[in-house]
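Please walk me through this protein model, from its overall form down to single residues.

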Amino acid sequence: MVTDSRVALPFDGRRLLRKRDMPAGPDALFQREGPLVLEIGFGDGRFLVELERLHPEWNLLGVEISLASVSRAFRRMHREGIEHVRLYRGHGRMVVRDFLKPDSLRRIYVNFPDPWPRRNQVSYRLLQPAFFRMAANRLAPGGDLLLTTDHAEYFAFARESARASGVMSEALGEPPPETLRTKYALKWQEEDRPIYHVVFTPTDNPPPPERATQSQPMQHALLDGDLSAVRSFSKHVRQFDGGTVIVLEAYRSLTDDGVTFEVVVEEADLRQELLVKAWEKEDGVFVGLQPFGDPMGTRGCREAVHAVTDVLTGYGLTVRQAWI
Ligand SMILES: C[S@@+](CC[C@H](N)C(=O)[O-])C[C@H]1O[C@@H](n2cnc3c(N)ncnc32)[C@H](O)[C@@H]1O
């Protein structure tokens with residue numbers, strides 16, 4: 001079924017950062033100077049709220065990959081009147097690599113990271129040796145990275161990765177009380193799972209990581225035909241060299257003749273949820289990526305436009321032109 005459009009992620013331009021805001025640097029983004037502390041994978045955001053109350057002098061940057069979580073956390077920040085937290089939707093690894101400067105961080109928190117337990121998922125794990133080297137470059141002298149997890153195997157993996165990085169020492173210990181009050185901490189404690197904690201401290205300052213060449217030109221397409229043909233929808237998958245695109249859903253727009261497609265793109269170290277829109281213009285049906293969710297302009301975004309174009313040709317529309 002084609003359903004009505006959904007409400008977009010709320011945005012106030014101050015608490016929720018976009019890619020283009022990041023070059024301004026932390027002092028401008030927080031509108032004050034202060035120790036910069038990063039939480040990767042903040043989930044529902046309750047830990048950031050606690051940190052603001054415990055350390056009102058900290059500038060707290062949260063990065064989270066799930067749009068639904070960012071939306072929930074954003075509403076929490078509003079509700080609780082939180083001032084010194086900024087949220088960014090994206091991949092923790094990319095924030096550390098592409099947006100932060102050497103020696104800029106006081107601390108990184110990683111609370112209950114997704115363990116990616118299957119053998120073929122290990123490369124999705126955040127705490128790889130290369131990540132520790134980047135983190136060591138981004139942490140200021142005296143800075144540290146705190147990991148708390150319920151997952152014994154991920155814990156061992158992270159410690160081994162830190163050792164292999166050659167730039168981190170570790171200290172095992174009890175987690176700070178506030179890390180035992182996150183949503184997942186409470187859930188696992190209820191199930192009596194053991195909780196593991198380690199503090200990693202840089203022993204060296206390796207050279208800065210290479211920034212990604214992320215931006216690829218965007219793909220658009222112009223089709224002949226009529227969007228009214230799109231009356232029902234079923235999932236469509238497109239494989240490409242380097243990833244997979246899944247077109248999950250289609251929503252008819254409330255305000256114009258467009259149809260918006262919800263798309264997931266999986267690439268080597270990135271999973272993005274995107275919106276691709278098809279709408280009728282005077283000269284045909286135009287297909288393009290929406291800025292919603294601040295997508296990283298990777299090849300996968302272009303493939304998402306291709307995939308939606310494929311879907312539309314399945315309804316009898318024909319491609320007149322596809323260009324970058
Ligand atoms: C198990 S949950 C823990 C959430 C929260 N820290 C807590 O303790 O309740 C892991 C979170 O990390 C997020 N996440 C997973 N991989 C990520 C990445 N590479 N960058 C940022 N967030 C990520 C997930 O979307 C999820 O919200």
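Predicted model: local features only at pLDDT ≥ 70, side-chain atom pairs only at ≥ 80, totals over all residues.

Residues are numbered from 1 along each chain as its sequence is written, and side-chain values use heavy atoms, with hydrogens and water left out.

Start with the whole protein. It has eight helices and 16 strands. These are DSSP runs numbered from the N terminus: helices (H or I) have at least four residues, strands (E) at least two. The radius of gyration is 21 Å, close to the 20 Å that the globule rule gives for 324 residues, so the protein is as compact as a globular protein of that length. That radius is taken over C-alpha atoms, and the rule is 2.2 Å times the number of residues to the power 0.38. Along its principal axes, the C-alpha trace spans about 65 × 40 × 40 Å. Buried residues make up 50% of the 324 residues. Buried means under 20% relative accessible area, exposed over 50%, and partly exposed in between (1.4 Å probe, protein chains only). A contact means heavy atoms within 4.5 Å. Of the contacts with a separation of 6 or more, 74% come from residues 24 or more positions apart.

Now find the sheet. Eight strands form an open sheet with mixed pairing, in the order E2-E5-E4-E3-E6-E7-E9-E8. Its edge strands are E2 (16-17) and E8, each pairing on one side only. Two strands pair if DSSP finds at least two bridges between them. Strands of a sheet pair through backbone hydrogen bonds, either parallel or antiparallel. E6 (residues 105-111) and E7 pair in the parallel sense over six bridges. Here Leu105 stands opposite Leu139 in E7. Helix H5 packs on the sheet, touching E3, E6, E7, E8 and E9. The direction of H5 makes about 140° with that of E7. Such axes are lines fitted to C-alpha atoms, for helices over the stretch in contact, and angles run from 0 to 180 degrees between N-to-C directions.

Which way do the residues of E3 point? Leu36, Leu38 and Ile40 point one way, Val37 and Glu39 the other, and all are buried. In a regular strand the side chains alternate between the two faces of the sheet. Five of the five residues of E3 are buried, so this strand is largely enclosed by the rest of the structure. E3 and E4 run parallel, joined by five bridges. Glu39 stands opposite Gly62 in E4.

Next comes helix H6 (residues 152-165). Its 14 residues reach 20 Å from first C-alpha to last, close to the 20 Å expected at 1.5 Å a residue. The expected span is 1.5 Å times one less than the number of residues. Buried residues of H6 include Tyr154, Phe155 and Phe157. Seen down the axis of H6, its buried residues fall within an arc of 165°, so they line one face of the helix. The arc is that of the directions from the helix axis to the C-beta atoms. These buried residues pack against helix H5 (129-138) and strands E7 (139-149), E8 (168-172) and E9 (196-202). Just after H6, Gly166 takes a positive phi of about 75°.

Finish with helix H3 (residues 67-79), whose 13 residues reach 18 Å. Among its buried residues are Leu67, Phe74 and Met77. The buried residues of H3 pack against E2, H2 (46-54), E4, E5 and E14 (270-281). Just after H3, Gly81 takes a positive phi of about 65°.
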